[in-house]
Amino acid sequence: MAPIVKSFSGSDATPFFDDLARLRITVFWEFPYLYDGDATYEQAYLATYARSEGSVFVLAFDDDVVVGAATATPMATETDEVKAPFLASGRDPRDFLYFGESVLLPAYRGQGIGLAFFEGRERQARTLGLPHCTFCAVERPADHPRRPKHYVPLNSFWQKRGYTHHPELRTTFSWRDLDEDRESPKPLSFWIKSLTA
């Protein structure tokens with residue numbers, strides 16, 4: 001049976017947080033994120049989304065097992081690191097739904113679930129009356145030692161969904177890479193889609 005995708009608002013997703021924490025740690029271990037995750041941090045991170053008014057969790061289930069997840073929240077409720085490049089460029093964060101992440105176990109990729117994740121979050125933006133959706137992606141050098149030989153970035157997938165890269169909108173997030181003994185800042189740039197075009 002194909003996985004089923006369901007949307008949950010805010011705290012309604014709380015019962016799935018253990019699964020979501022494990023999923024984020026597993027998927028973000030891969031290139032390009034190379035994230036050496038921590039379950040305690042993950043629970044706290046997910047709780048901030050659950051408390052955010054207007055947030056949505058779009059989850060993929062295989063029977064009762066969560067195999068994928070995507071989150072979004074109004075950018076107005078996000079951190080300064082997320083909002084700062086928009087404010088500096090004259091864009092109002094209150095006009096954007098910000099996508100936190102989209103993670104899916106490898107065995108379930110290529111089945112349309114990633115598309116369903118985008119559709120579920122864009123539907124939430126329309127419900128909230130927000131005219132734009134956005135997310136940011138980490139930037140890694142082409143010669144990064146952990147870059148897989150046949151790695152293909154998701155740029156074309158995002159472009160087909162109607163998202164435009166805005167490399168001038170940049171921020172940094174800090175986390176501990178697999179080869180690091182402490183957190184370090186990582187550069188990210190944003191992609192934007194207008195839902196009113």
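How many of the seven residues of strand 2 are buried? Six of them are, so strand 2 is largely enclosed by the rest of the structure; here buried means under 20% relative accessible area, exposed over 50%, and partly exposed in between, with a 1.4 Å probe and protein chains only. Please keep in mind that this is a predicted model, in which local features need pLDDT of at least 70 and side-chain atom pairs count only at pLDDT 80 or more, while totals for chains, interfaces and linings use all residues. Residues are numbered from 1 along each chain as its sequence is written, and side-chain values use heavy atoms, with hydrogens and water left out.

**Overall build**

- The protein chain contains five helices and seven strands; helices (H or I, at least four residues) and strands (E, at least two) are DSSP runs, numbered from the N terminus.
- Following the sequence, the elements of the protein chain come in the order β-α-α-β-β-α-β-α-β-α-β-β.
- The radius of gyration of the protein chain is 16 Å, which agrees with the value near 16 Å for a compact globule of 197 residues; this radius is taken over C-alpha atoms, and the globule rule is 2.2 Å times the number of residues to the power 0.38.
- About 40 × 40 × 30 Å is the span of the C-alpha trace along its principal axes.
- Of the 197 residues in the protein chain, 45% are buried.
- If you take contacts (heavy atoms within 4.5 Å) between residues at least 6 apart in sequence, 71% of them join residues at least 24 apart.

**Surface and charge**

- The protein chain has an accessible surface of about 10,400 Å², and carbon and sulfur atoms account for 52% of that surface; the areas come from the Shrake-Rupley method with a 1.4 Å probe, and for residues only the protein chains shown count as cover.
- There are 22 positive and 27 negative charges in the protein chain, and their mean positions are 5 Å apart.
- For that charge count, Lys and Arg are positive and Asp and Glu are negative, while His and the chain ends are not counted; each charge is placed at NZ of Lys, CZ of Arg, CG of Asp or CD of Glu.

**Strand 2 and its partners**

- Strand 1 (residues 4–9) pairs with strand 2 in the antiparallel sense over six bridges; two strands pair if DSSP finds at least two bridges between them.
- Opposite V5 stands A60 in strand 2.
- Strand 2 also pairs with strand 3 in the antiparallel sense, over seven bridges, and the bridge partner of F57 in strand 3 is T71.
- The hairpin of strand 2 and strand 3 has two residues between the strands, and D63 takes a positive phi near 60 degrees there.
- D63 is exposed, with a relative accessible area of 64%.

**Strand 7 and its partners**

- Eight of the eleven residues of strand 7 (residues 184–194) are buried, so the strand is mostly covered.- Strand 5 (residues 132–138) runs antiparallel to strand 7, joined by seven bridges, and C136 has F190 in strand 7 as its bridge partner.
- Strand 6 (residues 164–175) pairs with strand 7 in the antiparallel sense over nine bridges, with I192 in strand 7 as the bridge partner of T164.

**The loop between helix 1 and helix 2**

- P32 sits in the loop between helix 1 (17–28) and helix 2 (39–51).
- The peptide bond from F31 to P32 is cis, with omega near 15 degrees.
- L34 lies in the loop between helix 1 and helix 2, and its phi is near 55 degrees, a positive value in a residue other than glycine.
- With a relative accessible area of 4%, L34 is buried.

**Two residues and their contacts**

- R146 is found in the loop between strand 5 and helix 5 (155–160) and is partly exposed at 36% relative accessibility.
- Not counting residues up to four places away in sequence, R146 touches F31, L34, L178 and D179.
- From C-alpha to C-alpha, R146 and D19 are 26 Å apart in space, and 127 residues separate them in sequence.
- Q124 belongs to helix 4 (residues 113–128) and is buried, with a relative accessible area of 13%.
- Leaving aside neighbours within four places in sequence, Q124 is in contact with G54, S55, V56 and L97.
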